[in-house]
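Hi everyone, thanks for making time. Have a look at the structure on the screen, and then I'll walk you through a few contacts.

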Amino acid sequence: MDYTVIARRFRPQAFGEVVGQEMVAQALRNAIAAGRVAHAYLFTGARGVGKTSMARILAKSLNCPNARNGDPCNQCDVCQSISAGHDVDVLEIDGASNRGIDDIRSLRSNVNVKSMRSRYKIYIIDEVHMLTKDAFNALLKTLEEPPPNVKFVFCTTEAQKLPDTILSRCQRFDFSTIEMAAIIERLRQIAEAEGVKVEPAALELVARRAAGSMRDSQSLFDQLLAFGGDSIAATDVLRLLGIASDDRLADLTDALVKRRRDKALELFDAALNSGAQLGEFVDQLLAYFRDLMVLAAGAKEIGLMSVSEEQRGVLSQQATAWGLQTCLAALQILAEAKARMKGISYGRALAELALVRISMLDDLENLSEMIQQLRSGKLPALFTVQAAARGESASSVSRVEGAVSGPAKAPHPDPLPTEYRGEREASAAAAPSLSGPDESQKKSDSEGSDRVIAAESVSVPAPTFPLEPGFEMDILAQVISNLSDMTKSHAKNITHLAISGPNHVVFTIPRSYHLSKQYLERPDQLGRLEKLVTRIVGRSVRVVLAVDESINAPSEAIPSAPKAGQSVEGGMRRLDLEHDPFVQKVIAVFGAKVIP
Ligand SMILES: [Zn+2]
C-alpha cells in the first residue's frame, strides 16, 4: 500500500481521529468496552475513507494493555508496533498482492498457534475481494471454526464480490465517503501543523478533487507542499492538477449557451494555454454539464461536482437558459467525444468539434414543445410527418427522412459520422416522438384491427379542409385514406362528394356498387364516416349516401381514387411540407430532407 508522507504522519491513531466515520468508531468502541467483540469484521467503503486505519485502531484497542474505554494508549510497545505495521500478533495480508491460496493456507496452519505476547491474534486482510476462490474456501474453513482469541478484519471496496458464506460470518460496517467540509477541515489542520499558509480556495480544490477520499486528498496535499513552498494559492493547485478555474468553466459554458462558438473556442484555447490539460479540462466540463443537468432537472439539493458552491447561481441561470433537453444533448455529445479521445493524437480537434456542435444545438426545449403539440393534434397540418413517424401509409404520404431515424443504428466505423450520430441520438432522445417507428408500430400491431379505428377517433389529426366548393375531392381523399379494412374497400367505390348544405355532404356511389352503398349506410359505418368528415372540415357534418347515376364504375372516372401506392393526400403536397416551420426545424436539427 502506497502511503504518502502526510497520510502516514497524520494517520488517525484513535477512534475519535477517524474523520467522517464517527458512527463506525462509536459502535466499535462500545463493543470493546462491553466485551462484545465479534470474531470477524467486514469494513467496506470507497478507497481512502479510513478502513485500514480503523482496522489498526481496532487491533490496538483489543491488544493494548493500557486501553481505556475502548481507546488504545498509543504509547506502549504493542500500540507502536501495530501503528508501524509490524506487530507479531497483528498480521496484515494484502489480498491484492497475495492472491495465491498459499498465504491463506499458512494462515490456516498458523491460526491455531497462540498469540505471542498479546491477548488476540488479529488478521487484517486488505482488498479481501481480490482473493481467489480457493483462498476464500480455505478462509471459510477457518471462519467456520474460529479458534478462541483470533479476530479477523476484512477490508474491501467491493463487498458485493464476496461470497455469501463469508459475508454471513462477518459483522459488517459500511464506511461513508467523507464530506468535503470534513476533508477541508482536516487539510487545514495539517497545513497549520506543517506551518504552511494555504488559501481556503486551494483547500477546497484539493478536497473536491479527492471526491470523498481522505487518502487521495492528503496525497495531493503532499505534492502541493513539495511544489508550493510556504504559502499555497488556488492557482498553484490548478497548475499542479492541470485543471482550469471555476470562472473559465463558467465563461466557456456561457459562450456555448449564447451560441457564440467563436468565443467558446477562444476560451478553450486560453484554458489550454494557461496550463489546463486537455483530458482534465474535458473531464471538468463533463462534470460541469452534469451539474447543469442536475439543476435543469430540478434537483436543487444535490451538491455540485464541478465548481464551488459559490457558483451555484451562475449554473442555475445557465441551466435555465439551456433547458433540460439541451443539457442532456450537450452532456451526451461531450461524453461521446471524451470516450473517443483515448489514445489518439487529434483529441483536441475532437473536443473542439464537440464544443462547436454543442454551440449549434438548437433550442431543443422549444422543439420538444412543438412535438407535444404535434402529438396532441394542435398542429394538424403536420399530419404527414407524424404519419411517417408512425410508419403508417408510408407509400401514400410524403415522408420526412431523418426525422424517423431511430437511435438503434449500428455503430459507424468512421469516427466523424459517429459524431453526427451522437448528436442525432441525443436529439432523438430529447425528442421522443421522433425516436422512430418501432415503438408506435409495435403498439399498432398489438392493437390489431382496432388500430385504425382508434386512429380515426383519437390520434390522427387529419388535415383540415374547409367544407367549401373546390375541396370536395381533397376531403374525399382524406376520408378514404383514414379508413381501413372493409370500410375502406367499400369507400373506395365512392366516386363523388357533394356539398348539399352548410353541414351536409352527399357521397355518391355507382349503381353497380350498390352493395358498398348498403354496407356504408349501416349506422355504425355512417357514424364512422360522419366522425371523419367532421374532423376533417372542423365542424359537425351529416353524411348521406346516394347513387351516382352518371357512371357505372369508378375506375376510369375518379382522378383521386386511391390505388395501391398512389397518393391520396391531395392537400399535403411536398412543397407545403418544406415550407412548414416545424418541418424546417426537423430538417435543421436532424439534417433531414423531404422525399416524395
Ligand atoms: Zn497501548
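**Charged pairs and a metal site**

Let's start with Arg260 and Asp262, whose side chains meet in a salt bridge at 3.2 Å, N to O; the term means a side-chain nitrogen of Lys or Arg within 4 Å of a carboxyl oxygen of Asp or Glu. Before I go on, this is a predicted model, where local features need pLDDT of at least 70, side-chain atom pairs count only at pLDDT 80 or more, and totals for chains, interfaces and linings use all residues. Residues are numbered from 1 along each chain as its sequence is written, and side-chain values use heavy atoms, with hydrogens and water left out.

Back to our pair: Arg260 is partly exposed at 39% relative accessible area, and Asp262 is partly exposed at 41%. Here buried means under 20% relative accessible area, exposed over 50%, and partly exposed in between, with a 1.4 Å probe and protein chains only.

Arg522 and Asp524 form a salt bridge too, at 3.7 Å, N to O. Glu185, Arg188 and Glu192 are linked in a network of them.

How many salt bridges are there by this rule? The count comes to 24.

Now the zinc ion. Which residues coordinate it? Cys64, Cys73, Cys76 and Cys79 do, each through SG, at 2.2 to 2.3 Å; donors are N, O and S atoms within 2.8 Å of the metal (3.2 Å for Na, K and Ca), and water is not among the atoms, so sites may look incomplete. Along the chain, the zinc donors follow the spacing C-x8-C-x2-C-x2-C. As for Cys79, this residue is buried, because its relative accessibility is 0%.
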